[in-house]
Amino acid sequence: MPNTITSTMKLISLLSAFFLLSSLTTLAAGEVVLDTDGNELRRGVEYYIYPGITDVAGGLTLASRNHSCPLDVTLAISPTNNGLPVTFLPADPEEDTINTSTDLNIVFSAFTICLQSTAWKLDFDNTTRRFYVTTGGVTGNPGRETLDNWFKIQSASGRSGYNLVFCPSVCNICRPVCGSLGVVREDGRLRLGISSDAPLPVEFRRA
């Protein structure tokens with residue numbers, strides 16, 4: 001009888017460890033991000049990013065700041081404007097689905113007058129003392145040199161939909177600024193940046 005009890009306890013311990021490891025693995029991997037049709041977001045597929053609140057603005061697009069380059073990421077003023085499509089590129093080149101809380105490059109699928117890439121990056125504006133999302137970033141090569149180019153999608157807290165976040169984890173020794181992306185109203189434009197106000201809820205529609 002003691003041997004049977006001992007064997008049972010060992011089995012319970014092994015099963016508990018297995019389920020704990022499975023839970024941690026699932027948590028680390030995040031959840032699959034879904035588009036408005038309920039389909040998984042995929043690497044390299046074009047999507048429009050819309051505000052999760054209807055009739056406030058259009059989709060994410062590009063706009064010039066003081067008629068100069070690089071172009072900034074903004075919300076289209078008109079709610080009927082789709083904005084410009086983007087593609088998502090996970091840091092892991094083997095990953096084809098887009099998961100929450102994982103590092104991503106986000107790239108507009110568009111040609112511009114600026115001779116720069118349309119990959120997103122975070123930029124600090126010395127005049128306004130704010131962090132804004134602009135373009136001219138690079139894709140791939142995760143690490144310290146590319147820290148400003150990595151973004152994440154997270155499930156919106158307390159509501160359906162998602163938030164865009166800057167808090168890269170591609171560099172173990174780096175201490176980047178972290179924050180949810182929201183709307184910063186400036187000179188009649190709706191710029192995307194790290195905001196102290198509520199984060200912008202977003203949804204993804206396949207282009």
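Author: Strands E9 and E10 (residues 179–186) pair in the antiparallel sense, and two bridges link them. One of the residues involved is Phe166, whose bridge partner in E10 is Gly179. The model is a predicted one, and everything below is computed from it.

E9 spans residues 162–166, and five of its five residues are buried, so the strand is largely enclosed by the rest of the structure. Buried here means a relative accessible area under 20%. In a regular strand, side chains alternate between the two faces of the sheet. In E9, Tyr162, Leu164 and Phe166 lie on one side, Asn163 and Val165 lie on the other, and all of them are buried. Both faces of E9 are therefore covered.

E10 is one of the partners of E9. Strand E8 (residues 152–155) also pairs with E9 in the antiparallel sense, over four bridges. Here Ser155 has Tyr162 of E9 as its bridge partner. Strand E12 (residues 201–206) runs antiparallel to E9 as well, and two bridges join them. For Asn163, the bridge partner in E12 is Pro201.

Four of the five residues of E4 are buried, and the strand is mostly covered. E4 pairs with strand E5 (residues 104–108) in the antiparallel sense, over five bridges. Within this pair, Thr87 has Val107 of E5 as its bridge partner.

Thr74 belongs to strand E3 (residues 68–75). Thr74 has a relative accessible area of 4%, so it counts as buried. Apart from neighbours within four places in sequence, Thr74 is in contact with Gly59, Leu60, Thr61, Leu62, Ala63, Leu190, Arg191 and Leu192.

Ser78 sits in the loop between E3 and E4. Its relative accessible area is 32%, so Ser78 is partly exposed. With neighbours within four places in sequence left aside, Ser78 is in contact with Ala57 and Gly58. Ser78 and Gly59 are 19 residues apart in sequence, and the distance between their C-alpha atoms is 8.7 Å.

There is also empty space to consider. Rolling a probe the size of a water molecule over the atoms shows where such space is left. The largest pocket holds about 210 Å³ of space. It is lined by 13 residues, and those closest to its centre are Ile53, Val56, Val183, Arg185 and Leu200. By type, the lining consists of eleven nonpolar residues, two charged ones and no polar ones.

Last comes the chain as a whole. Its secondary structure amounts to one helix and twelve strands. From the N terminus on, the order is α-β-β-β-β-β-β-β-β-β-β-β-β. Of the 207 residues in the chain, 41% are buried.

Methods:
Residues are numbered from 1 along each chain as its sequence is written. This is a predicted model: local features need pLDDT of at least 70, side-chain atom pairs count only at pLDDT 80 or more; totals for chains, interfaces and linings use all residues. Side-chain values use heavy atoms; hydrogens and water are left out. Buried means under 20% relative accessible area, exposed over 50%, partly exposed in between (1.4 Å probe, protein chains only). Two strands pair if DSSP finds at least two bridges between them. On a 1 Å grid over the protein atoms alone, a cavity is a set of points where a 1.4 Å probe fits but cannot get out, and a pocket is an open set with protein on both sides within 12 Å along at least five of seven lines; lining residues have an atom within 4 Å of a point. Grid points are joined across faces, edges and corners, and a volume is the space filled by probe spheres set on the points. Ala, Val, Leu, Ile, Met, Phe, Trp, Tyr, Cys and Pro count as nonpolar, Asp, Glu, Lys and Arg as charged, and the others, Gly among them, as polar. Contact means heavy atoms within 4.5 Å.
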